[in-house]
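Subject: Structure for your review

Dear colleague,

Please find the structure below, together with its sequence. I would be grateful if you read the notes that follow with the model open beside them.

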Amino acid sequence: LRHEAPQLSSVIPAVMQPLICQVEGLKPQEAANVIWAAAVLRDELPEMKQHVPLLMDAFANKIEAAKPQEIANSVWAAGMLQLRGTQVDKFTQAALTKATHDLSWF
């Protein structure tokens, strides 16, 4: 990415800052998309990783409105980024609770 589209290397961090400032206002899909992008761009833009726990924390608060694909993509991203910590644990617990609830009718 830095070689193919160097302008993106400066644009993405500039876009991330206002996004993080309004993280609580993000819809689940928006949070999931940014979390997924951080994992995909982990080698090209490693500084995005620092924002993911905050995004996951905000996403955990809205997990009931999330679609399974959004949750799965975010869990995948956390694994790819090798994230650990309270905010990631909160998200994982919320995702497991939702999955258990959603599958309880089987």
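This is a predicted model: local features need pLDDT of at least 70, side-chain atom pairs count only at pLDDT 80 or more; totals for chains, interfaces and linings use all residues.

Helix 3

Helix 3 covers residues 52-60. Eight of its nine residues are buried, so helix 3 is largely enclosed by the rest of the structure. The buried residues are Val 52, Pro 53, Leu 55, Met 56, Asp 57, Ala 58, Phe 59 and Ala 60. What do the buried residues of helix 3 pack against? Their partners are helix 1, helix 2, helix 4 and helix 5.

Helix 1

Helix 1 runs over residues 6-21. Its buried residues are Ser 9, Ile 12, Met 16, Leu 19 and Ile 20. Seen down the helix axis, these buried residues fall within an arc of 100 degrees, so they line one face of helix 1. The face turned away from that buried side carries the exposed residues Ser 10, Ala 14 and Cys 21. Helix 2 and helix 3 are among the parts that cover the buried residues of helix 1.

The aromatic pair

How many aromatic pairs does the structure hold? There is one. A pair of aromatic rings is described by the distance of the centres and the angle of the planes. The ring centres of Phe 59 and Phe 91 are 5.1 Å apart and their planes stand at 40 degrees, so the pair is tilted. To count as stacked, the planes would have to be under 30 degrees apart, and to count as edge-to-face, over 60. The cut-off for buried is under 20% relative accessible area.

The salt bridge

The count of salt bridges comes to one. In this salt bridge the side chains of Asp 57 and Lys 90 meet, with 3.1 Å from N to O. The pair links distant parts of the chain, since Asp 57 is in helix 3 and Lys 90 is in helix 5, 33 residues apart. Asp 57 has a relative accessibility of 17% and therefore counts as buried, whereas Lys 90, at 35%, counts as partly exposed. Which residues are in contact with Asp 57, leaving aside its neighbours within four places in sequence? They are Gln 87 and Lys 90.

The nonpolar patch

On the surface, Trp 36, Val 40, Trp 76 and Met 80 form a nonpolar patch, and together they have about 370 Å² of accessible area. Helix 2 (28-40) and helix 4 (68-80) each supply at least two residues of this patch. Met 80 is found in helix 4. Its relative accessible area is 32%, so Met 80 is partly exposed. A patch residue must have over 30% relative accessible area, and Met 80, at 32%, is in keeping with that cut-off.

Yours sincerely,
A colleague

Terms used. Residues are numbered from 1 along each chain as its sequence is written. Side-chain values use heavy atoms; hydrogens and water are left out. Patches are made of residues with over 30% relative accessible area and no salt bridge: like charges are joined within 9 Å, nonpolar side chains (Val, Leu, Ile, Met, Phe, Trp, Tyr) within 5 Å. Accessible areas come from the Shrake-Rupley method with a 1.4 Å probe; for residues, only the protein chains shown count as cover. A salt bridge is a side-chain nitrogen of Lys or Arg within 4 Å of a carboxyl oxygen of Asp or Glu. Helices (H or I, at least four residues) and strands (E, at least two) are DSSP runs, numbered from the N terminus. Buried means under 20% relative accessible area, exposed over 50%, partly exposed in between (1.4 Å probe, protein chains only). Rings of Phe, Tyr and Trp (its six-membered ring) pair if their centres lie within 6.5 Å; planes under 30 degrees apart count as stacked, over 60 as edge-to-face and the rest as tilted. Contact means heavy atoms within 4.5 Å. The arc is that of the directions from the helix axis to the C-beta atoms.
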